[in-house]
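Subject: Structure handover and notes

Dear colleague,

Here is the structure I promised to pass on to you. My notes on what was found in it follow directly below.

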Amino acid sequence: MTQDQHSATGPSLKYGMFLLAVTLLIYIQIVRFPFLDFDDKPFIVQNQATLQWKMVPTLFLGISRSDPNKLLPTIPNLYRPITSLWIVLNYKTFGLRPMLWRFSSLFLYLLGVWFFWRVAWKFLRDDFSAFAASVLYAIHPVHVEGVAWLSGANVEPVVAVFFFAGFLAYLRWWENGKTAWLVGCGILALMELLSKETGMALPVLIVCHAFLFRSSAEADPRARSAWLPMTMAVVILIYLVMRFHAVQGLVMGGKPSHTWKEIFLTAPLLFVTYLKHVFWPVGLGTWYDLPVVRDPASMNFIVPLAFCLAYVVVLIWSLARKPFVGFMLLWWAVCLGAPIIGLRTFTNYELLHDRFTFIGLGGLCMLVAAALRFLPAYGPRVFEVKATAAFATILLILGLGVLTVQQIYTWRSGLAMYARAVEVCPGCIRARILLADALLKEGKVGLAVALNRDTLRLEPDYWDAIYAYGLTLEAAGDRPEAIRVLTHGIELHPDNTPLYFALSRVLADGLDFDGAIQLLRQGIPKVDRPDILKSQLASVQEIQRRVRARPQRLQ
């Protein structure tokens, strides 16, 4: 069969079915996992009031500022109506049965893997290479956070389905020029943008692909057509208009956490760290102790910058001499653009998450699969390919599969996940606080107090650590020490709403209603969320009234 004849037949279905079987085998254990305290319960189990059909219009149009509930969005300028709609659909279909939610997210992940396999075949034009790229993509450990964690699985697989389906529609249009495929590509690109901000990578990569590979179709009107960039521009414009109308902002997040200088200095280290996690996926966790680089003379800037400059040189050379290699390197870089820009609003413990490579990983997997073709041929052919390529692929599948299964198992419960996070990143304050909270819920009060005390020693001025330690002391029955710790926290952070809220609760639980009321009245003019303290003040006053009325009823 000639290459053209083979191209016309499309990928062999048996490879696709085997790919799905391997992926399902690796991930099937997640269907036994419950809703986790980490975002699953707050945004699903305890957020049922927003998971109603009547809320669907607000997902796209935004919530009126006059709406007293203001239940969505909970993050400033967060605008992901398609993923929010997916959560509503799951809730209305499955209720609060986590196993059914897990099956749903796993199905969506498999669908995204299927579309990636089709895209990989379009690029590689070889059944085994397309399978190799797809299976590496499907079972790579960096995907675990976006699949095993239900809150991640409600976002990343949705984005992947629209991304790869949209790219496949574009490639079909590039092949046959039918307008329907271009329209479909535009619709899918819009759906991806409405799923997550990183969706901006799709229109950028599509336009770059059309420009890079135009020489292969110079005589074809599609190569000179303005319809493609116009379509992508219209898609982006529609998204930006919808986003601005809904949340009155174009950038996710509230007050900036880092300066643009810090972003510039930290970006090379972030880029290199993500590459390290892809090519050496050992010791992965939920959080990492990645420092914010502030000094241009630091080795954390100079060494990663040198690597990034070398990457750029190879990228430019490849774009000119090896367009396929160049485009796959560009794929990875473009997909990391949004997470790097996101440093502007990310807090220090959120700088790096493996799920941010969910789409970008595809480009590197296709590069690796293409490189397997160049292995020397020894012995008879296996699976219709060189034995060396077949055995190298099998070894990669086994190695990645074992790492992924182990990584998935750490998400079986909140306690297990937090313990793993602290093991990977002992200095991560958030992981330590969440682990202490999980220990407290398990009744291991002494361990929780000890862990939060140790955390406070690491960061004595960190308000989260003070807040957690104070409430843990209260749970342990040491109310005087809890009051002392929280009072000291307010002295350090006089505008911090949670600290006022926590201390007022501790005082009220000890029946010191006057002290709690005085504290709240002092805090309301100072804090960033006075509405929360006003609500707490009304609640404390009502409890005080009931307590004082109780002896009168007894008389």
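Arginine 125 sits in the loop between H6 and helix H7 (127-138), where helices (H or I, at least four residues) and strands (E, at least two) are DSSP runs, numbered from the N terminus. Although arginine 125 is not a glycine, its phi is positive, at about 55°, and with 23% relative accessibility it counts as partly exposed; here buried means under 20% relative accessible area, exposed over 50%, and partly exposed in between (1.4 Å probe, protein chains only).

Before going further, please note that this is a predicted model, in which local features need pLDDT of at least 70 and side-chain atom pairs count only at pLDDT 80 or more, while totals for chains, interfaces and linings use all residues. Residues are numbered from 1 along each chain as its sequence is written, and side-chain values use heavy atoms, with hydrogens and water left out.

A positive phi, of about 75°, is also found at aspartate 39, which is not a glycine either. Aspartate 39 lies in the loop between H2 and helix H3 (40-45) and is partly exposed, at 22% relative accessible area.

If its neighbours within four places in sequence are set aside, phenylalanine 167 is in contact (heavy atoms within 4.5 Å) with residues including Val119, Phe123, Leu202, Phe327 and Trp331.

As for charged pairs, a search of the whole structure finds 20 salt bridges, each being a side-chain nitrogen of Lys or Arg within 4 Å of a carboxyl oxygen of Asp or Glu. One of them joins the side chains of arginine 355 and glutamate 156, at 4.0 Å from N to O. Since arginine 355 lies in the loop between helix H18 (337-341) and helix H19 (361-372) and glutamate 156 in helix H10, this pair ties together parts that are 199 residues apart in sequence. Arginine 355 is buried, at 14% relative accessible area, and glutamate 156 is buried as well, at 4%.

Arginine 430 and glutamate 350 form another salt bridge, their closest N and O atoms being 2.4 Å apart. This pair also links distant parts of the chain, with arginine 430 in helix H22 (residues 429-441) and glutamate 350 in the loop between H18 and H19, 80 residues apart. Arginine 430 is partly exposed, at 23% relative accessible area, whereas glutamate 350, at 16%, counts as buried.

Finally, on the cysteines, the count comes to 0 disulfides, a disulfide being a pair of cysteine sulfur atoms within 2.5 Å. For cysteine 308, the closest cysteine sulfur is that of cysteine 335, and at 16 Å it is too far away for a bond. Cysteine 428 is likewise in no disulfide, the nearest cysteine sulfur, in cysteine 425, being 4.5 Å away. Cysteine 308 is buried, with a relative accessible area of 13%, and cysteine 428 is buried too, with 5%.
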